[in-house]
Each structure stands twice: as structure tokens, then as C-alpha cells.
Amino acid sequence: MTDKTIKFEKRSASDESKAIEGVEQAKSSRLNVLKTYKIYIDGKFPRSESGRYYTLESAKGKAIANVSLCSRKDFRDAVTAARAAQLKWASATAYNRGQILYRIAEMLEARRTQFIEELVLQGSTSEAAQAEVETSIDRLVYFAGWSDKYQQIFSSVNPVASSHFNFSILEPTGVVGLLAPEENSLLGLISALAPIIVGGNSCVLLASGSKPLCSVSFAEVLNSSDVPAGVVNILTGYRKELLSHFSSHMDVNAVVYAGDSDDEFKTIQQNAVSNLKRIIRFSPKNWYSPECESPYRILDCQETKTTWHPIGN
Amino acid sequence: MLDLTTLDAKDTDGKVKQLCRKAIRPHDSLPDLPSVAAVCVYPNFVSTAKEALSGSSVKVAAVATAFPSGMSTLKVKLRETKWAVNQGADEIDMVISRGKFLAGEYDFVSDEIAAVKEECGPAHLKVILETGELSTLDNIRKASDLAMEAGADFIKTSTGKIQPAATLPVTLVMLEAIRDFYYRTGKKIGMKPAGGIATAKLALQYLVMVRETLGQEWLSPDWFRFGASVLANDLLRQIVKEQTGVYQSFDYFTKD
Amino acid sequence: MKKKQKMQKKAEIKSALKINFSTDWKYDPAPESADHIKLEKKYDLFINGKFVAPKKGKYFETINPAKETKLAEVAEGTEEDIDTAVRAARSAYEKIWSKISARERGKYLFRIARIMQEKARELAVIESLDSGKPIRESKTVDIPLAAAHFFYNAGWADKLDYAFPGRKAHSIGVAGQIIPWNFPLLMAAWKIAPALAAGNTVVLKPAETTPLTALKLAEIFQQADLPPGVVNIVTGAGATGAALTRHPDIDKIAFTGSTDIGKLIMKSLVGTNKKYTLELGGKSANIIFEDAALDQAVEGIINGIFFNQGHVCCAGSRLYVQESIAKNLIRKLKDRMETLIVGDPLDKNTDIGAINSKAQLEKIQSYLTIGIEEGAQRFQPACDLPKSGYWCRPTLFTDVAQSHRIAQEEIFGPVLSVQTFRTVEEVIEKANNTPYGLAGGVWTDKGAKVFSITSQIRAGVLWANTYNKFDPTAPFGGYKESGMGREGGVHGLYPYVELAS
């Protein structure tokens, strides 16, 4: 059933051996327990309903993981879960959402060595891996702090020329599909995901195909961070296969594309017409750049609601 | 549909007689004009008015129940009502006890209206809500319902002694109350906006409201009256303007 | 037994009660004077500050839908004309509009607003002649609001740095704008004013059945000495609009119209970097709770569905009434409908004017039949209709099911479908059970309930205890398939700027 094997080419052999060495030392005389990388739907950790997988290999040809190769049915199930969770998540207080995002940062901090190791396993230098994990944690903290502020920045009381109290507030767009970038598989994912969920949306995301390990481990972080089930759903698999489903599913309200292919984006544009999905291209050249930290990213997946009420007796 | 009104403490027999003449024959140069519906006076002028209007279709309406404040005992109010009716009043315009109403003592207000109604005998009872003192449209609606349930034949906005008197929104609320009461009980109740309606143009707006809320049947003096004094001359002025095509001066219309 | 009979008889009498609105108190005609209106026989395209003949030399008629008579001939712009207009707009953008100071830009808009006010009556009469809408509405809503949009946005021109915290706003370039026939001048103002304030230039395509006020607006631009090419107006039908959206030198498309056309436009933009905003259709729910002020609600329902003959994207076309008051409310609604005056748009007493076009009338009429075929009960008042022109009586459907087409599809006419509900949960579910999400109405006297319901309706504009109110300061636009982007207010500037840190 294996579909394809992904090998890593550009990566220093020394970093890999260091990581492996660490693991070797720890296990000493015992056989270590390998982790099965699963996907994350509705707060649970299934494997793909299709039973398919692809094998990640290190540059030396050592199998690292048999990663779930998600099908459109997995995607469908994830959207169902996301839809079911969205309203409740949106109606949680802003304070509460902020606390939960901060809790994710705490959990990630606690497991930072694991994430560094995974990044290194997938080809990062240890310096780069450390920087990526630390920036990811800080980025979560950054967006956690926006939870009860973006509304104040972007909403308005409108001085209409009649006897009405009139105000415009932001509400989440709904269920958002996120196609995470291939590179910076952790930082890119978190930078794109945090503004989506801090704004009360639920999300179905497709992890980096070539570097999926952190996203699966991140699901474990989410699972222990008070994030309600279904708010974030994480799939692994091939972007080419799932792209059209992400962009054509009629119950997905918006798609955030963080990849770098014009052709893929064009496919999204085409499919989005069917139900007028909001489509956002978020492909910064550098995931460490300041443009990744902005409340305008939250605004991308928000709708403005204007409410009128008469003033009188 | 007009109730010509004079309710001044300085009213005299002479003034009441003049008003009655105007009521019967509003303008000498327009002999075909119909008479007004009623003349509205204090109880002590009822007999004067009755005599001046004898032989005409014009009714005599008397304000009663310690008009305009209503600040007296039920006993006094009932005696005053009885006396006005005995003097020959065809219609009694009573005031409700606004203080009691605002204090939430609805039963008191209701019982008072019912008692006065009983005292009226054959005379029609108009219940003045004095909407300018009721403060909200919700209260006006509540008072309208209460008055109709208690036996009012007409509900009337104002005494004319308090500002604001009749307004379009207030009148609309009362017309809607009448309509809903009709649908609920099958009983028709009349409407009388009073005070503040000085021009023909404004009167027309009231009539449009009656037409569009209560339809054809209420567009009659039996079910709709304007309580006004200066409106008559503006109506006359506009009628003459229509006939002559020339804008008119008040110098040519008698002030009675 | 006797008591039972008595009760039965009483109920019979009560249900037979009916207020008689067929009265001999008739209204005289009260026509607005049209003597002072100056209309040309033929209108050319407005490109680069001048009226120029269309390249292919073709013209089409714009007619008065109340009389089925020709008002004027109007140029039909083609691809070549669109290209000329876009070039003019590009040149004006590069050479003038992006160069002059923001304050001067704003002053042009103020000037335009003032001239619109000076010509308000003339614009109102032309609007009613061309579109069929009642003069009362064009005088009190369309024209004043159109001028207000210019006034409001004028002041933003030199204050954009305050509109987007932490960012610097830059103009985008040339905006292509396509507007519908339901609020011709208002939509033109609604689109042009923020675009210009933010420093962009414009090519506008008015609707083919209502081009006249946009062309009068072009005359106002001339009188205001707006630099040539800053706004270009190319009249025509769908093909003209398609040429505009396709043009490669357009940076942004703003469209108001049906969801079907909106999707076509979105499709035509695939593979481009053009920004776009879409204001599309709706099937908005107007919800009446048992604790509402019923007579006020009736006025709101009437205004919600019969305003502008129901040619309103945010019309409250789905009425949901709480069971316990349904009978009473529907009787009130029918009584109120009996007094609506359908007829001459120029008559100041007219409540419902002419349907905008023959095609639209036929569409509405097909739904009147569909409603009956689906098993709903149709009610129309017995009002007189003029002999010529396109007319539709205000229509109410009861016994409607959520699955009926008259409850699902946008009719864009004076047709209201009524359903009842029992619980809050039920009505929220039904209200949101639509691909649309433009607007909604809620009627209740309970404050907390107002905000609970308005926050649960998935739509861009919520009216609580009121309906169909608009203001240049209030953002307008839809959720889901009702569009994307907002127009009006500070949010309405966002689609017309590029933000830089």
C-alpha cells in the first residue's frame, strides 16, 4: 500500500548522526519505542481511513516514519469535525481563546527538544531547528496576546446620520482550510494557523508533505492544550491530491494557501468560485519576517458584521 | 368632524353663544358648508350652548371630572358628570387620573372610568388620556386599552392645557389600539385628537392616518373628531382659496 | 352546551371582522414636476473628461418602465471603448491623481458632493423616470445618500494613515466598477467615492436599464473640474462589463449584482492578481418574536420587502413569525398591504413604483406562479394598477415551507414568504439555512435577546427593530455567497488600498 518514499537530500549528515546519537545514548541497552505518526481529527488520533501511508526516509535511506497518506474522505471527516466545533470555539470569550493559545505555547516550550530533534531529523541544522522552534513558541504568544485586542482595533462605532446605535464588529469566517508551506514546516504552520484560530475559526490543515513530523507532534501539543476537539484538524498527505478538495468543499468558507506554486493557487482560485470561498495567499519569502506578525493576518479570515438598533423610547 | 372648543376660565355666555353660531354656520359666504360635530364647553355653559344650538345637528360636549387635572374625589367627579348630563350634555369628556396611572394603580383608573360611564347614561363618554403627561408611547397604548375596556366610547389625546397635546405618533398608537380592540371585541371606539392641530394641512395628515389604520368607517363624525378651535378658520381659508384660486387672509374670517 | 354555542358564535363573528379599506376618500394625483429636467436625446461615453461617441457607433434605448416609453439613447461601449477608458484612467492615475496632494483629492470629492446636493431634485426625478422607483424614495434615500457617500469619503482622502493602524495605505491603481440597476446613482457614488478618496482612478459601467443618473454624474464631474480620466463611464450591457473585468490593466474589480454574475466575474479573475470585492444576492430573514412591538414590526416588514419594489439585495424576503403571534401579525400585515399605493413613480404618494424592466417583471411573475404550484397561499391587495408599464402588486405567501423555491431563491421583487417558528433555536437554524448571508432583521423588545440573535445570524448587516437603513459610515456587505469585502465606513476603504509597513 505504500505510495511513495520521500528522501531528504539537503541536510548535513553530522546533524542527523548527532540526533540519532542522542537517541542511541538514551536507549542504551534497551530497544527504543518508535512513534506511530498519526493524523488529528476531532481531537482524536486516527490513521488515514484509506489505510495508505508514505515512508519518510533519512538521507542515508533509514526509514523515519510511515506517514498517513490522507484521502478526500479524511478531509471530509475533518471538515465535519471543524464545522461542528466552530460555533462553540467562536463563542468562547476572547480572553479564553487567548489563554488557550498561550497554553499551546507553554506545551510547545515544554517539548521543544523533541521538536528540535524532529526538525533535525527532517534536514534542519540544529541552530536553524532551535531558532524555528523558539520563534514558533514566541509567535504563538504573540497571537495569544491579540485575542482580546484585534476586535478593538478593527471594529467601529459608526456615527450614522439617524437615530440609531450602529456598530461593526468582526466575526470569524468559519471553517478555514490551510495548506501549510513545505519548508519551515513548524514555523510556517504555526504562523498561518495562529491568526486563523485566534479569530474564532476552526481549521483543517494539510501539513508539509516532505516534513510532516512536527505537525503530527504539534497535534499532540494541541491535544494537551485545552484546544477543543475539532478546532484544529491536521492531515498529512500529498498536496496535489488534496488541493482540489480543500478548495472545492462546499462547507469550507476560506482557504489560506501558504505554498509557493502559482499553479496550485490558480487551482484554488478556480475551485473557490463554487461557494465564494475567501482565498488568502500567505507566502512570505521569510517566515521570520515582521509581516508574519500582524493583526491584519487575523483580519484575513474575519467577516465584518454591522448591527443597527434604534435609539428612542 | 370638528369639535369647536372653548375652555377658558374667562369664558362668558356671550362667547359661548358666538361659538355656537359659528358651529352651526361656519362661514356666511359658504352657506352650503355642513355644521361642525359638537361644541365643547365647561359644564356651567352646557345650558347656554344647548339653547344656542337648539334645532341644529350640533351636539354639546361638556368636560367633566375636575377637568383638566382630574384632581378630585370620585364622588365630586360623579356628581359633576351627572349634573352636566342633566344640563343636557350629549357628550362627556372626562380626564383620567394620570397620577394614579403613572403610579401603576390601573384598577383605580379603570374603576373610575367605569363609574363615570355609568353616570353618563345616554351621553357618550370620551376619555381624555392627557398623553403629554404619560411620557411614553407604551403608556399611551396601555392607557388606551384600559379606557376602552372600562367603557369609553371615544378616546381622546389631550385637554389642550398641557404640552405636548395631540401629535401624529401618539394618535397613531391610539388608532392602532382602537383597531386591535375592534378585532378583539367587535366594538368600535371613536378617536379624538385634541390640541395643537391648527392647520388644514396637518388635519389632512391625521385623516390619512385614520384612513390607513381604520379605513372607511371611521372617517365619520361618529368615530372621529378633531378637538380644536383655530383649525376651523384655517379650513375655511383653504376652502375659499380652493374656490377662488387666491391665497386668503384671516381678516376675512370671524374669530369667535 | 349553550355556552359552547355562544363561544362558537362569538368566534365566528370575530373572525369575520374586517376593516374596510376600499374607501371613497381617494387620493388626488400628486406628481412631482418633471418640467425642469434636462435630458439629451442621445448620450455618449464619458471618457477622459469628454463625452465621446462609441467606436462601433452603436446605441441602445433606455426606457421609462412606468410608461414603456423611450427616455434617451445611450452608447453601447465595446472592448475598444473599454480599452480607451482604461488607458485614460491609467494615464490620469499616473500623471495626476496619484501625484496631487491627498487634501486636494478630498476637496474634489467635497465639491462633487455639493453639486449633487444642488442638483438633488433633478437627479431624483431622473432616477425615478429611469428606474421606476417612487420619487419619495429617490428624494429621501437615493440622492441624499449618494451625496453623503461623497462627503463621507472626501474627508478620508487626507486621513488614510489613521484608518489602518500600524500600516501605510497606498492606492492600487485603476478600479473597474460594475453597478446594478436597483440604486443607480447611489451605487455609483458608493463605488466611486471610496476609490477616489483612496487615490485610485475609475472606469465605471452602469446597468443598461438605468444609465442616466451616472451620465448626469459625469456632467457633475465636468462641472467640478475633476481632472479628465479620473472617472470614466462606459455604458453598455453584460458584454461591456465582461470586457472591463477582462482588461489586463485593471487592478481591482468592484461588482454589485447577482451571485451568478459575481461567480462569473470571480472565475474570470482566476490566474490574475486583481483584487476584487463582490456585493451579491441575498434571501434575508426577518424574524418577529412574540415580544416585539408588533405594529412597528409591521412597518419594518413592509419597508423590508416592499422598499424599492423589493429590488434590494438585502430585502427581508423571508419572514419568520413566532407562532403565538402569527395570526395577529399576518392580519396586521395584510391590512397594511391594503393601503399601499402602487403606481406612478413620480407621484409623491406612491409606495411601490414600477418594476425596473420587462425581463425582471417576467422573472417575478414566474415566482408568483411557482409559489402557488408549490402549495403556498398567495395574498395580494386589490390595488389598482396603471394600464401601461411594468407593475407587480405587493405579494405575501403563507403556508410556505423552507424547501419552497420562494423561500430559497432571490426573487428581487415585492414578494414576501412567511413561515412560523416556535423556538429560538429553530428560527436561528432556519435563518442560517441558506447559501446567502447578506442581512437579517430581528424584532423583540428584549435587549439581551436582540444581541443574542443578531450575533447568531450569519450575515453582514443586522437590523434590530428596524430594517433597510443605510449610511455611508456603516459598512455593508455579505457573508458566504452574498459576497466578499465591505463597502462604506472605514472598512469600505480597505479594498481600495495596498498596505505597507
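**Close-ups of aromatic rings**

**View 1. C:Trp190, C:Trp463, C:Tyr467, C:Phe470 and C:Phe476 gather in one aromatic cluster.** This is a predicted model, where local features need pLDDT of at least 70, side-chain atom pairs count only at pLDDT 80 or more, and totals for chains, interfaces and linings use all residues. Residues are numbered from 1 along each chain as its sequence is written, chains are lettered from A and ligands numbered from 1 in the order in which they are written, and side-chain values use heavy atoms, leaving out hydrogens and water.

**View 2. A:Phe154 meets A:Tyr296.** Rings of Phe, Tyr and Trp (its six-membered ring) pair if their centres lie within 6.5 Å; planes under 30 degrees apart are stacked, over 60 edge-to-face, and the rest tilted. That rule gives 31 aromatic pairs over all chains. Here the centres are 5.1 Å apart and the planes sit at 70 degrees, so this pair is edge-to-face. A:Phe154 belongs to helix α6 (residues 150-154) of chain A and A:Tyr296 to helix α11 (residues 295-299) of chain A, 142 residues apart. Helices are DSSP runs (H or I, at least four residues), numbered from the N terminus. Both A:Phe154 and A:Tyr296 are buried (under 20% relative accessible area, 1.4 Å probe, protein chains only).

**View 3. C:Phe150 and C:Phe221 make an edge-to-face pair.** Their rings are 6.5 Å centre to centre, with 65 degrees between the planes. C:Phe150 is in helix α5 (residues 135-156) of chain C and C:Phe221 in helix α7 (residues 212-223) of chain C, so the pair ties together parts 71 residues apart in sequence. C:Phe150 counts as buried because its relative accessibility is 0%.

Terms used. Helix = DSSP H or I, 4+ residues; strand = E, 2+ residues; numbered from the N terminus. Buried < 20%, exposed > 50% of the residue type's maximum accessible area, 1.4 Å probe, protein only.
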